[in-house]
Amino acid sequence: MKLLFKINLVLLLLFALGIAVTARVSHQLLQNNARDEMIEQAKLLIDSALAVRSYTSTNIAPLLETQIKYEFRPEMVSAYAAISLLRNLREANPEYKQFLYREATLNPTNPANRAVDWESDIVQAFRNGVSQTSLVGERDTPNGRMLYVAKPLKAGAACLRCHDTVDVAPTTMIAKYGSAGGFGWKVGEIIGAQIIQIPDTLARSRADAAFRVFMGSLVGVLLAIMLTLNLLLWWMCVRPITKLSALADRVSLGETEVPDFATSSRDEIGSLAQALSRMRRSLVQAMQMLET
Ligand code: HEC
């Protein structure tokens, strides 16, 4: 087996082992990172929805105080503003297209916001004190695995103006939404949850894209190292050794007049070349002594 072949075989085995270990570790790491990143993104969106909620109730609702006597405008409702904001964000930015926002409520004013089974479980978990701040989880759906992030929605004193009893609520609001739901909330009660749902495949595909770039560059760097090592080995060892062995071959066959191996290098190959030429000279002298 040739020297280069042996070295390349060992290198290939080492590189393959390194690539396999790195792939395993980095794949898991990138998947977890992508998932964490999406959870952070979802939390940021939920907080933006909260911010627009408070902006609407403190800055917009007071401006429509006169209007409410004649006609109820949903634009003054914080829930309406938050849901609309997130819908616009999704429509305007492809990267948020898959982030579904809901204000899932157990007893909603607008039936479209009624919590469905799994959403009610989350609201109940908040009501039972499982978490005060947020819940993160995964669930299987007919459309694949989903990741969700949820934060509780609490009724404050100001909310009871519309969400206490039908008698207290603005008549224009009752005229628009009816009196079937969204009433009887208590101050401090967790009445629903802000939930963002994202397909798990989104996190996975982001991680896979990063994984491909990472592994691609790793393989590229290893190949470059291998190529450089091969060139160096060939230039510094294989080529001079092949020449030296051809020279030694000729001398061994009796060609004592072959020219010396020309080298100025002081490395191991250089000393070998010098040693060989000394040996040849000694051989020639010994033969001459024998002849005389
Ligand atoms: C001026 C009346 C009014 C006030 C004040 C008000 N809401 Fe509402 N709220 C509504 C109306 C009307 C809807 C239905 C909006 C829609 O989807 O068109 C609603 C919807 C909601 C929803 C979505 C679920 C549902 O009932 O359809 C939540 C959650 C909610 N409100 C929470 C709150 C909280 C929390 C506060 C206090 C910070 C509050 N609301 C203050 C009128 C009000």
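A search of the whole structure finds 13 salt bridges, a salt bridge being a side-chain nitrogen of Lys or Arg within 4 Å of a carboxyl oxygen of Asp or Glu. The model is predicted, so local features need pLDDT of at least 70 and side-chain atom pairs count only at pLDDT 80 or more, while totals for chains, interfaces and linings use all residues. Residues are numbered from 1 along each chain as its sequence is written, and side-chain values use heavy atoms, with hydrogens and water left out.

**Salt bridge**
- D47 and K151 form a salt bridge through their side chains, with an N to O distance of 2.8 Å.
- This pair links distant parts of the chain, as D47 belongs to helix α1 (residues 3-60) and K151 to strand β3, 104 residues apart; helices (H or I, at least four residues) and strands (E, at least two) are DSSP runs, numbered from the N terminus.

**Iron site**
- H163 (NE2) is the only protein donor of the iron atom of the ligand, at 2.1 Å; donors are N, O and S atoms within 2.8 Å of the metal (3.2 Å for Na, K and Ca), and sites may look incomplete because water is not among the atoms.
- H163 is placed in helix α5.

**Ligand surroundings**
- The ligand has 21 residues around it, of which T109, C159, C162, H163 and Y177 come nearest; a residue is near a molecule if one of its heavy atoms lies within 4 Å of it.
- A polar backbone atom of T109 is 2.6 Å from an oxygen atom of the ligand, where a polar contact is a pair of N or O atoms within 3.5 Å.
- An N or O atom in the side chain of Y177 is also 2.6 Å from an oxygen atom of the ligand.

Note on methods: A polar contact is a pair of N or O atoms within 3.5 Å; within protein, one must be able to donate a hydrogen and the other to accept it, and residues adjacent in sequence count only if both atoms are side-chain atoms.
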